[in-house]
Amino acid sequence: MQCGRGSPDRGMWHERAPVLRHSRKTGGVERAASRSGTATTALRSGQSPRVAQARTIVRALHTTLQERRLPSGHTLFRRSWNALTSKTACGLVPWKNILYFRNMKKTILSFVFVLSLVCINLAQGSYKQPAKEIMDVLNAPAIPSTSVSPTRDKIAMFEPLRYPPIAELAAPMLRIAGLRIDPTINAQHRQPYFVAMSFMNVSGGAATKAAFPAGVKLVSPQWSPDGKHVAVGNISAKGVELWIVETATGKVRRLGNVYVNTAFGGFGWEDNDTLSATLVPENRGPAPSYRDVVPTEPNIQETKGRTGAVATFQDLLRSPNDEKLFDYYCTSQLAMISTKGLVLPIGKPGIYDNASFSPNGRYVLISRIERPYSYQFPFSRFPKTVEIWDTTGKVVKDIAKLPLADNLPQQGVITGPRGLGWVPTEPAMLMWAEALDGGDPKNKADYRDKLMRIAMPFDGQPTELLKTEHRVQGRMFGERDGLMIYMDYNRDTQRVRMFRTDYRDASNMIPINERNIRDNYGDIGQPVMKTTSSGDNVIRMFGDSIFLTGTGASPEGDRPFLREMNLKTKEVKEIFRSGTDAYESFVAMIDDNGAQFITRRESVSEPPNLRLRQVCPPGTNCLAVQDRQITQFKDPSPQLRGITKELVRYKRADGVDLSFTLYLPPGYKKGTRLPTVVWAYPESFTDASVASQVTGSTNRFTQIGGTSHLFFLLQGYAVLDNASMPVVGPPETKNDTFVKQIVDASKAAIDKGVEMGVVDPDRVGVGGHSYGAFMTANLLAHSDLFRSGIARSGAYNRTLTPFGFQDEVRNFWSATNIYTSVSPFFYADKINEPILLIHGEADNNQGTFPIQSERLYAAISGLGGTARLVMLPLESHGYAARESTEHTLYEMTTWFDKHVKNAKPR
């Protein structure tokens, strides 16, 4: 398969002649070869050096003009191009054209002038870098990620690659069935990866570095249940290899001569010595073409009276050839792989969207995707066959044949089995949920769901475990005593409930907690889990108690906690809670009773580090209380310590309590009014008291990376971060007042900043990403509070998302006025402040198609407004490449410097 961008049949001159390449350093163009190299190439192809040089320059110019869509039809260029590119069958320039060129000195001079203009144009359009202060922080090393072993005696540390080069994003990408696949390695396109791994003991001592060869790209590291090994993928030129690391010594080795299909699958531990994996099948033949494919049939879709919400999914199948590509790259061979490298295939290759082994290792639950495929929905909606196999691949039990899910109600679910999984504390018991209301939340029903189960030897019919009044939202299992905790959710009231029961006899369902899903203050946390010998996660238990951990939202900000809950009495004891002078969160248990545990502590001046903590529970005797730091990560950006931050509270005109975190730049002098950035993201609430809750913490270590708006602090701005933008009201109608509520919230934030003597009301800009971009464009269209805006990766015309957006439950046809009234595209003539639109050209987020930014820009442009559109090549909804990150920051700071900081008084 020819995977290159050019044709393999290009001729000697095309292959060997030097070209002009773009230089990021200079922003212009530079030679890729010396004059002597040019002359040598010319002699080999029978051309004079000067003609070769001229042809090289013109070809580079032609390519540049094509890429930048400049007028290649210009008479001067056309005559020059024709003269230099006319060839005989031998690839040589006809003499008459060479003579013609010798007689056009003026034309050559004019041509050089045109070329110089093109070079200037290139310099203007090249990737740019922000100010040095920003670059210094971007280039600072990242604090490693950490993970505690299941046996709680070791810590793994992973060094990430913060900003991959744009060249990695430029690898071939197939956008099919809701997936993004790199066909050169049959893997997920642009997987985030680590470049190094090391281990240290919780008890202390020096770290041991894993002895990988240079240049590894490590993905999906996973502990073995006994903590003695870590399995990890390595992205190589041929595919994703499977490696294993000995955690005691750091020794590494590759397992088998196989490649993991991470385009549609992965790997995981089944016991201490065995992994399961979905592998790229061997001897599968050549891949279908994906470039310059000659169609053999039209692309046809048909519908026949079926109703259902059609969301604005991206990266869908579009042709019969896409179907072939999906078949080829998503087909995997399920296999077991021992730590010694023995590979045991199971069953035949197929497209498996789920393959999980029972805790006793004797059975496999598989979900296999079948035809017919859909061009309107991603793979998750495709037909599926769900079966239980034995380890030879023989079908033991047919569970379900699920049809194409093309008629789901808005915010609905399928009617067949969903959420299938093994009960981790049983040898082989399968459990799943099924809808009792037709999957439609608008239907009236006494019970919306039921939980079903079936156990080995699977020779009977599934039995009902229990019914739930509202939609099942998940389940977890304790390590013993049949403990199961499950949640259900009421869409209409937005309330979530937590229950416990004994799955062996679920006649007694005991409520644990109920709250509004947005009520962070009332969140009791999540159970602390442990890993079983089969690699499954279960709730850690101590006597009649379990442990809960959470962010601990409070009026003082987030204060993470660790608590013990007695399941019989519901008594809750607080073991640990972060103080108000630092931010400290629970990481892992060390002992079984909660007396020793690991936390991650950070403060405004201290970088995040792991600590070993010990408390003395009531009624116990602690001989020695330990509280020591384990890791020693240093501050990578000490220049940021001059930044100050403060939680600020205020009220909206309707009485709703709001807040923002006020960031002030290094060296700020009290009383100085600054140019200000308001950065926010709207959220929906059914209750004003819940909307008023504080989130986040001012005690966290200030780290700035990626395309963060906090980089404005290094340019002398104040930042009102996470400014509250609540939209309060009933689920069915809250967006009726969306615009008014965000305008009022913005005015309240600015007024508070002005009252504090920090904000210059004549120099305030607003920005946001995704739904925050949607908010930004609306604020510019419906208010004059801001001098300018930055909107990144947003959606601005809601008629292009007609079956809902965010949590809007109505469709366009039932609420046409809402879809138009909240769409800033329909008010482009009212956007009279400059707006910077940034969007990834390969955005894959539902609803935020790149055309959203393109059409808003075109509308503003056609109506005489001021806007700038920056389309980032190869980037998705978030921006990853170093070049894209740097350029985005350059655009943001340059735009606000011009239109906010240095804006003329109004």
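A crossover is called right-handed if, with the strands pointing away from the viewer, the path from the first strand over the helix to the second runs clockwise. Helices (H or I, at least four residues) and strands (E, at least two) are DSSP runs, numbered from the N terminus.

The model before us is predicted: local features need pLDDT of at least 70, side-chain atom pairs count only at pLDDT 80 or more, and totals for chains, interfaces and linings use all residues. Residues are numbered from 1 along each chain as its sequence is written, and side-chain values use heavy atoms, with hydrogens and water left out.

I begin with strand S49. Together with helix H14 (residues 850-862) and strand S50 (residues 867-872), S49 makes a right-handed β-α-β unit. S49 and S50 pair in parallel over six bridges, where pairing requires that DSSP find at least two bridges between two strands. Within that pairing, Leu836 lies opposite Arg868 of S50.

Strand S48 (residues 788-792) is joined to S49 by four bridges, also in the parallel sense, and Ile790 has Leu836 as its bridge partner in S49. S48, helix H13 (residues 816-821) and S49 make a right-handed β-α-β unit as well.

How many residues of S49 are buried? Six of its six are (buried meaning under 20% relative accessible area, with a 1.4 Å probe and protein chains only). Ile835, Leu837 and His839 point one way, and Leu836, Ile838 and Gly840 the other.

I turn now to an open sheet of four strands, ordered S18-S19-S20-S21 and paired antiparallel. S18 (352-357) and S21 (395-402) are at the edges, each with a single partner strand, so one side of each lacks a neighbour in the sheet. Five bridges join S18 to S19 (residues 363-369), and Phe357 has Val364 as its bridge partner in S19.

How values were computed
Buried < 20%, exposed > 50% of the residue type's maximum accessible area, 1.4 Å probe, protein only.
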